[in-house]
Amino acid sequence: MKSREIHKSYRNVTSLKKSVDRLLKDSSLAPAFKITLFQLAKDIESAHSFWGDLRKRNGKRKTAIHADKLQIGGGRHYLEGFVNLDFFPPADVIWDCRYGLPFRKESFKFVFSEHFFEHIDFPIAAKKVLREIYRVLEPGGSVLLGVPDGGKVVRAYYKKEKRFLDKLRDKCYSNRRPPVEIYGNLDLVNYLFRDQLDNPRYATHYWAYDEMSLGNLLKSIGFRKIKKTSFDKRYCNPKRKFYTLYMEAIK
Ligand SMILES: C[S@@+](CC[C@H](N)C(=O)[O-])C[C@H]1O[C@@H](n2cnc3c(N)ncnc32)[C@H](O)[C@@H]1O
């Protein structure tokens with residue numbers, strides 16, 4: 001990409017960010033407009049990080065990342081021995097996957113991603129990201145995807161599994177700033193499927209998956225030997241284990 005284009009995009013996104021931040025401070029905003037702005041602020045925040053990093057590097061990729069494993073959307077869960085990609089630091093590669101993956105085909109033996117894929121809109125962006133994972137994997141390489149287990153949470157709601165629902169509430173939602181509002185167990189289901197809007201820095205959940213939906217989606221991309229798998233302590237985040245669906249597939 002040309003340096004002029006990068007600088008122009010960065011300037012545009014910075015000016016958008018300033019306008020939206022200023023508007024959000026206006027306490028007289030109509031609620032419907034405020035919700036639209038929050039949504040916009042989330043996208044602008046990530047775009048600002050993405051274009052800001054490209055600008056800093058003047059379009060050049062970072063060198064010296066030589067790993068045959070890729071983590072996507074790791075956030076602060078940085079994995080040594082991996083190329084860590086996320087649109088916020090401390091990733092090695094600051095990038096928005098919805099633009100594709102900035103690597104040559106067949107660059108990796110293994111792709112890992114946990115609690116990221118539900119943040120990608122379904123089906124267009126979700127399929128684009130999976131096709132890109134498929135492209136950058138070498139033949140026989142594998143992907144391990146962990147997502148919030150939509151099936152488990154719906155089942156727990158239906159069967160009134162108090163212990164599980166209380167744990168979900170305590171571990172996932174009790175420390176949020178601003179605090180989340182939960183008036184009943186169905187709100188836990190709502191958060192899992194949609195997540196909250198009130199914090200511009202917290203990316204939205206766009207879609208929820210269970211074993212069948214994620215399995216068939218992976219199959220539609222061309223993956224094989226798709227199976228539900230278990231928590232792997234080498235990569236997975238222990239605090240998310242109890243409500244995560246882990247799926248593995250081979251290229
Ligand atoms: C809920 S956090 C999960 C972090 C970590 N995997 C964990 O389990 O603790 C979701 C991460 O996905 C990243 N993310 C969301 N959408 C993304 C996108 N389009 N491109 C790159 N990263 C994205 C966010 O920045 C965030 O770090």
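**Close-up 1. Helices α1 and α2 cross at roughly 150°.** In this predicted model, helix α1 (residues 3-24) and helix α2 (residues 31-56) bring their axes within 9 Å. Axes are lines fitted to C-alpha atoms, for helices over the stretch in contact; angles run from 0 to 180 degrees between N-to-C directions. Helices (H or I, at least four residues) and strands (E, at least two) are DSSP runs, numbered from the N terminus. α1 and α2 are therefore roughly antiparallel to each other. Angles over 145 degrees count as roughly antiparallel, under 35 as roughly parallel, 65 to 115 as roughly perpendicular and the rest as oblique. The residues of the α1 contact with α2 comprise 16 nonpolar, five polar and four charged. Here Ala, Val, Leu, Ile, Met, Phe, Trp, Tyr, Cys and Pro are nonpolar, Asp, Glu, Lys and Arg are charged, and the others, Gly among them, are polar.

**Close-up 2. The ligand is surrounded by 17 residues.** The closest are Asp86, Asp96, Glu114, Asn237 and Arg240. A residue is near a molecule if one of its heavy atoms lies within 4 Å of it. A polar side-chain atom of Asp96 sits 2.8 Å from a ligand nitrogen atom. A backbone N or O atom of Phe87 is 3.4 Å from a nitrogen atom of the ligand. Arg240 places a polar side-chain atom 2.7 Å from a ligand oxygen atom. On its own, the ligand has 600 Å² of accessible area, and the protein covers 91% of that. Accessible areas come from the Shrake-Rupley method with a 1.4 Å probe.

Close-up 3. Most residues other than glycine have a negative phi, and most peptide bonds are trans. Pro90 belongs to the loop between β2 (83-86) and β3 (93-94). Pro123 lies between β4 (108-114) and α3 (124-136), in a loop. Glu106 is in the loop between β3 and β4.

**Close-up 4. Helices α5 and α6 pack at about 50°.** The axes of α5 (residues 162-173) and α6 (residues 185-194) are 10 Å apart. That angle makes α5 oblique to α6.

**Conventions.** Residues are numbered from 1 along each chain as its sequence is written, and side-chain values use heavy atoms, without hydrogens and water. In this predicted model, local features need pLDDT of at least 70 and side-chain atom pairs count only at pLDDT 80 or more, whereas totals for chains, interfaces and linings use all residues.

Technical notes. Polar contact = N/O pair within 3.5 Å; in protein donor to acceptor, adjacent residues only side chain to side chain.
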